[in-house]
Amino acid sequence: MLVEFSVENYRSFRERQTLSMVASNKKSGRNSNSFPMPNVKSLRLLTSAVVYGPNASGKSNLVRAIQTMRQIVLESATGMQLGSRWNIEPFRLNADCQNKPSCFEIIFIQDNIRYQYGFSLDQERVYEEWLIAYPKGRPQTWFERNYHSEKQEYDWYFGPRLKGEKERIKGFVRPNSLFLSHAAQNNHDQLGKIFIWFSSKLKLIPARFQNLSNFTALKCYEDKKFRNKVVKLIKGADIGILTIEFDSKTVKKFEVYSTLPPSIYNLIKEKNNFVENNALMNSNNESSESDSASIKVSLKVFALYKMNESEETITFDLEDESDGTQRLFEMGGYWIDALDNGEILIIDEIDRSLNSDISTYLIKEFNDKAANQNNAQLIVTTHDTTFLDREIFNQDQVWLMQKNSNNSTKLYSLLDFKIREDESLQKGYLKGRYGAMPFVSGLDS
């Protein structure tokens, strides 16, 4: 469960900006589109949130910041070598910011324990890293590291509640890597669970994505029930497809997780539903026992249609389908998986290539207690103002972005405005009452 995410001095973010999934305490709509926060009876968490803003306001940068934090956690121990550089871009429109580290912090809940984890870094060095746990509602600092430039060394602190090896693992940590990542690599029980949360519970679909259909295809390939759910979703979109079929073959694909300890690696495989088809693998003479961890099943996806004048069917390659159909298939797997397993799904530009009715349906399923029984959460960015409907989002679920006078991104909640219960959120937004609207000029010429 995601409680909040904060970012500072990263791309268009200069000052610290925070996206919170804590529900408002307003009596109206108090229990709708939210669920109780574990071990905190007075607070509830939102099932979904939407972020609006004009082009270049920073919506994609918010998604990219979360994705960057996740990538650094997952790859810093195994994917980075001494001297390697992270692709970190500080706020570039201020000279002082260019010489300061970027900062990322996330508060989340795993196994009913709230964690507050963060770090600051530039392309070459991690300057700070900290983890605070709240197992009984009270903060416990499990570890902290701070770099002193004058001494050119780190100050370390390990709290008494952090069990297991610490000093030995500390010796593996490089200037550009995270202690959390190395702890997971070295089979640390407490910190390995946090690493797995980043890997298995936090899923992102950026707007400029690569081909993500392989995730959905692999899930469908090994899980018939999952496949039926995907087919039902696609058929429900009324695009004429009867079902989907697959043509499989084995391919080799590098996995950064394969160097982790077996206990952590196997758990990540289980959580992410990695596919290893032994029959296909053994029939491939090029594969060997040593590289079996990197064997994957590659799937070609086909859509089946009914012929107009007979009961026969005809197949079309999914790549020949419309962008909307391909995106629905790609997103559909993540959407179903998130609802089934109580994950956090973050989608940049959910409206891209999708009909508003389909996007609305996907959002409403997260807000439906019957469909979302595992407290999954959805965060989307969009320009589609039809979502600004109280039957879809409450006021506390709407976030807005706009550029300040210094061209940095400001993120704020619709709760900052006094809005009547009978006021149309869509009309208010389009009239510019809440900001985050483009100011267009110069087009007449």
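This is a predicted model: local features need pLDDT of at least 70, side-chain atom pairs count only at pLDDT 80 or more; totals for chains, interfaces and linings use all residues.

Gln 152 lies in the loop between E9 and E10. Gln 152 is not a glycine, yet it has a positive phi of about 55°. With a relative accessible area of 61%, Gln 152 is exposed.

**Overall composition**

- The protein has twelve helices and 18 strands.
- Of its 445 residues, 53% count as buried.
- Among contacts in the protein with a separation of 6 or more, 63% come from residues 24 or more positions apart.
- The protein has an accessible surface of about 21,800 Å², and carbon and sulfur atoms hold 45% of that surface.

- Strand E8 (residues 126–134) runs antiparallel to strand E9 (residues 140–148), and six bridges join the two.
- Glu 128 has Asn 146 in E9 as its bridge partner.
- E9 also pairs with E10 in the antiparallel sense, over six bridges.
- Tyr 147 has Tyr 154 in E10 as its bridge partner.
- The hairpin of E9 and E10 has four residues between the strands, and Gln 152 takes its positive phi in this hairpin.

**The six-stranded sheet**

- A second open sheet has six strands in the order E11-E15-E16-E5-E17-E18, with mixed pairing.
- From one strand to the next, the twist averages 15°.
- Strand E5 (residues 48–52) and strand E16 (residues 377–381) are paired in the parallel sense over four bridges.
- Val 50 has Val 380 in E16 as its bridge partner.

**Helices on the sheets**

- Helix H1 (residues 59–75) packs on the six-stranded sheet, where it touches E5, E11, E15 (344–347), E16 and E17 (398–403).
- The direction of H1 makes about 140° with that of E11.

**Aromatic pairs**

- A search of the whole structure finds 21 aromatic pairs.
- The ring centres of Trp 156 and Phe 179 are 5.6 Å apart and the ring planes stand at 65°, so this pair is edge-to-face; the cut-off for that class is an angle over 60 degrees.
- This pair links distant parts of the chain, with Trp 156 in strand E10 (residues 153–158) and Phe 179 in helix H4 (residues 179–185), 23 residues apart.
- Trp 156 is partly exposed at a relative accessible area of 24%, whereas Phe 179 is buried at 0%.
- Ring pairs also link a cluster made up of Tyr 10, Phe 104, Phe 108, Tyr 115, Tyr 117, Phe 119, Trp 142, Trp 197 and Phe 198.

**Charges over rings**

- The charged end of Arg 114 is placed over the ring of Tyr 134, 4.1 Å from the ring centre.
- Lys 219 lies over the face of Phe 226, with 4.8 Å to the ring centre.

- Most residues other than glycine have a negative phi.
- Asn 9 is not a glycine and has a positive phi of about 55°.
- Asn 9 is placed in the loop between E1 and E2.
- Asn 9 counts as buried, at 4% relative accessibility, whereas Gln 152 is exposed at 61%.

Note on methods. Residues are numbered from 1 along each chain as its sequence is written. Side-chain values use heavy atoms; hydrogens and water are left out. Rings of Phe, Tyr and Trp (its six-membered ring) pair if their centres lie within 6.5 Å; planes under 30 degrees apart count as stacked, over 60 as edge-to-face and the rest as tilted. Buried means under 20% relative accessible area, exposed over 50%, partly exposed in between (1.4 Å probe, protein chains only). A charge sits over a ring if NZ of Lys or CZ of Arg is within 6 Å of the ring centre and within 35 degrees of the ring normal. Two strands pair if DSSP finds at least two bridges between them. Axes are lines fitted to C-alpha atoms, for helices over the stretch in contact, and angles run from 0 to 180 degrees between N-to-C directions. Contact means heavy atoms within 4.5 Å. Accessible areas come from the Shrake-Rupley method with a 1.4 Å probe; for residues, only the protein chains shown count as cover.
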